[in-house]
Amino acid sequence: MDTHTPSHTGPGDRIASSRAGRCRAQVVLTPGTFAVFALILGLVLVLPVMAQDPHEHHHHHAMPAEQDGYVRSQGSYAIPDVKLVDADGAGVPLRSELADEDKPVILNFIFTTCGTVCPVMSATFSQVQAALGPERTAVRMVSISIDPEQDTPAALKAYAGKYGAGPQWQMLTGSLDDSIAVQRAFNVYRGDKMNHQPATFLRAGPGQPWVRLDGFASAADILREVRRLRTN
């Protein structure tokens, strides 16, 4: 009689076998393995940050910068026959005023409550004035307000003092219609003062073409243009 007894595996045997398998599959973290694991973990944490929209971090860089440069062009502008007002409240017939003296003119458009474009341009005019030194009397500088309803003669006088404007640098205001007429004549009218774009105009003398610098021309750029006008 065959006495062979079949083999049976009970629950206890299966648990022991499973534990043994896990023990055999256990991974030992050597220093090299740990370094690889740390690198992978770092990439998992960093990649989502790198994938963010880069524009989310640049929206505050809206202020203009002088290094943006400018575009130079030349043209003729018909100055309207309007009467503006200077910082002392005196009337200034613009057409005849600019045609009265045979000297270079440097002209721009500003408003005294501007917090972006105008402070840069006015600071640049102030630097030009300082660089000219005694020669400043041979050059006429003009800043015309594009916000005459706010820019009273008193406001212009305070603004002129802020930038140390000398007697050769006129600050002009007037009626809204007259200001718009001058802006249109120089093709700088944009309908709203908040759309104001930087531009500087230079002319050697009456009857001569205007040089237009669209953008943020530096004091050195303007001085170079002035010297060019005076030698031509």
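Reply: In this predicted model, the lining of the largest cavity comprises six nonpolar and four polar residues, with no charged residue among them. The residues concerned are Asn108, Val120, Met121, Thr124, Phe125, Thr200, Gly215, Phe216, Ala217 and Ile222. The volume that they line is about 50 Å³, and the structure holds one cavity of 30 Å³ or more.

Helix H4 contributes most to this lining, with four residues. H4 spans residues 117-132, and its axis comes within 9 Å of that of helix H7, residues 219-231, at a crossing angle of roughly 55 degrees. The crossing of the two helices is right-handed.

On the H4 side, the contact is formed by Thr124, Phe125, Gln127, Val128, Ala131 and Leu132, which meet Ala219, Ile222 and Leu223 of H7. By class, the residues of this contact divide into seven nonpolar and two polar, and none is charged. Thr124 and Phe125 of H4 and Ile222 of H7 take part in the helix contact, and Thr124, Phe125 and Ile222 also line the largest cavity.

The pocket has a volume of about 210 Å³ and is lined by 16 residues. Ile146, Tyr189, Gly191, Asp192 and Lys193 are those that lie nearest its centre. Helix H6, residues 176-185, gives the most to the pocket lining, with three residues, whereas for the largest cavity that place belongs to H4.

Key
Residues are numbered from 1 along each chain as its sequence is written. This is a predicted model: local features need pLDDT of at least 70, side-chain atom pairs count only at pLDDT 80 or more; totals for chains, interfaces and linings use all residues. Side-chain values use heavy atoms; hydrogens and water are left out. Axes are lines fitted to C-alpha atoms, for helices over the stretch in contact, and angles run from 0 to 180 degrees between N-to-C directions. A crossing is left-handed if the near helix is turned anticlockwise from the far one by less than a right angle, and right-handed if clockwise. Contact means heavy atoms within 4.5 Å. Ala, Val, Leu, Ile, Met, Phe, Trp, Tyr, Cys and Pro count as nonpolar, Asp, Glu, Lys and Arg as charged, and the others, Gly among them, as polar. On a 1 Å grid over the protein atoms alone, a cavity is a set of points where a 1.4 Å probe fits but cannot get out, and a pocket is an open set with protein on both sides within 12 Å along at least five of seven lines; lining residues have an atom within 4 Å of a point. Grid points are joined across faces, edges and corners, and a volume is the space filled by probe spheres set on the points.
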